[in-house]
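Please open the structure in a viewer and keep the selection panel at hand.

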Amino acid sequence: MRIGMIGLGRMGGNMTRRLMKAGHQCVVFDANAKARDALAQAGAAAAPSLEGLVEALGDTPRAVWIMLPAGEITETTVERLGDLLKPGDIIIDGGNSYYKDDIRRAKMLAAKGVHYVDCGTSGGVWGIERGYCMMIGGPKEAVDHLDPIFSSLAPGTGDIPRTPGREDNDARAERGYIHAGPSGAGHFVKMVHNGIEYGLMQAYAEGFDILRNKDSKHLPEDERFTLNLPDIAEVWRRGSVISSWLLDLSASALAKDPYLESFSGYVQDSGEGRWTVEAAIEEAVPADVITSALFTRFRSRQEHTFGEKMLSAMRFGFGGHVEGQEPTDPKPKAD
């Protein structure tokens, strides 16, 4: 299948490579000429502009996947593509856009006959090898048309055992992607996914902080333990009920740097945690853990604990985020 890819950063570039490896033809554009050239050398057709990308895609129905940070740059790109594309064409936003923006954009594009698909994409820097978990919103005909793309990006069934009782359910979920519902539903599910991620990461971070401080001079001497955190993380990976990919990443970080001295403890928030808390407020759903985890990230920019270094280590592990003392930016990035 032929598809346009806009935004060739960590996620967009790797997704393009995975698609080409599966036999798809990719026409790519990025404001960074070096990023375009790198993909061209890998086999993609590089376009010098959005207009050139649309022209190179050929006849309708054309599909263009946007992998850019949420906010103005995505908004502007969607608007420009809406003017360039024709009825029957499809725009996919695979970044971390706010789901209410998706609903608005879908209505705007529908008036022009252009389909809008929102795709919450999880996988980080490992997605090129592991595949990407995708939560998709949009009209059924457009999502079905794009199925070869989603299928190639998804992890596939792998060696994960089937869940009993799912025999008559949509098999796409077992392969790592779902059509969650109408426009906005995909990014809404991904938003809550990221909110849950905040809570899980915070629980690990606090637990390891408690372990780390068991040798505190403020404790009675016979109650002090100097614990081997790399070994603890490793043993928990082996059959423990709290095993997970986040724990795998934590174990890897601790094995390389037991005291996490290379991490500042400064923890950015992508913005989706904030939106999840806002949704909980709108729905009157108590979300104590996610809200607390979000506020802890705010506090991390003022003082740093070992637990916050654990959060930084996990974010670097799955997303390649290198964090430092930087201004807060609530706009999510495509990661």
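The stops below cover confidence, pockets, cores and backbone features.

**Confidence**

Colour the chain by pLDDT before selecting anything else. The model is predicted, with a mean pLDDT of 93 for the protein, and 96% of its residues reach 70 or more. Then select residues 326-331, over which pLDDT stays under 50. For this segment the model has 17 contacts beyond four places in sequence.

**The largest pocket**

Next, select Ser 122, Arg 130, Cys 133, Pro 155 and Trp 245, which lie nearest the centre of the largest pocket. The lining comprises 37 residues, and the space within amounts to about 1000 Å³. Two or more lining residues come from each of strand S7 (133-137), helix H9 (172-175), helix H10 (185-212), helix H12 (245-256) and helix H15 (306-319). Which element gives the most to this lining? Select H10, whose contribution is seven residues. Colouring the lining by class will show 12 nonpolar, 14 polar and 11 charged residues.

**The second largest pocket**

Move to Gly 7, Asp 30, Leu 68, Pro 69 and Ile 73, the closest to the centre of the second largest pocket among the 20 residues that line it. About 370 Å³ of space lies in this pocket. Helix H1 (10-21) and helix H4 (72-84) are the elements that give two or more residues to its lining, and H4 gives the most, with four. By class, the lining of the second largest pocket divides into 11 nonpolar, five polar and four charged residues.

While H4 is displayed, select Thr 77, which is placed in that helix. Is Thr 77 buried or exposed? Its relative accessible area is 8%, so Thr 77 counts as buried, the cut-off being under 20%. Leaving aside neighbours within four places in sequence, Thr 77 is in contact with Ile 6, Leu 50, Ile 66 and Leu 68.

**The nonpolar cores**

Now select Trp 65, Ile 92, Val 117, Met 134 and Phe 150. Of the 30 residues in the largest nonpolar core, these touch the most other members. H1 gives the most to this core, with four residues. Centre the view on Phe 150: beyond four places in sequence, Phe 150 is in contact with Trp 65, Val 117, Cys 119, Met 134, Ile 136, Val 143 and Tyr 177. Another core, of 23 residues, lies apart from the largest one, and its members include Leu 247, Ala 251, Leu 260 and Phe 263.

**Backbone features**

Keep Leu 260 selected and inspect its backbone. Leu 260 lies in the loop between H12 and helix H13 (272-283), and its phi is near 50 degrees, a positive value in a residue other than glycine. Leu 260 is buried because its relative accessibility is 0%.

Proceed to Ala 284, in the loop between H13 and helix H14 (288-299). Phi of Ala 284 is near 55 degrees, again positive in a residue other than glycine. Ala 284 is exposed, however, because its relative accessible area of 68% is over 50%.

For the last stop, select Thr 60 and Pro 61. The peptide bond from Thr 60 to Pro 61 is cis, with omega near 5 degrees. Pro 61 itself lies in the loop between helix H3 (50-57) and strand S4 (63-66).

Definitions and conventions:
Residues numbered from 1 in each chain as written. Predicted model: local features only at pLDDT ≥ 70, side-chain atom pairs only at ≥ 80, totals over all residues. Heavy atoms only, no water. 1 Å grid on protein atoms, 1.4 Å probe; cavity = no way out; pocket = protein on both sides within 12 Å on 5 of 7 lines; lining within 4 Å. Points joined across faces, edges and corners; volume = space filled by probe spheres on them. Nonpolar A, V, L, I, M, F, W, Y, C, P; charged D, E, K, R; others polar. Buried < 20%, exposed > 50% of the residue type's maximum accessible area, 1.4 Å probe, protein only. Contact = heavy atoms within 4.5 Å. Core = buried A, V, L, I, M, F, W, Y, C linked by side-chain atoms within 4.5 Å. pLDDT = per-residue confidence, 0-100.
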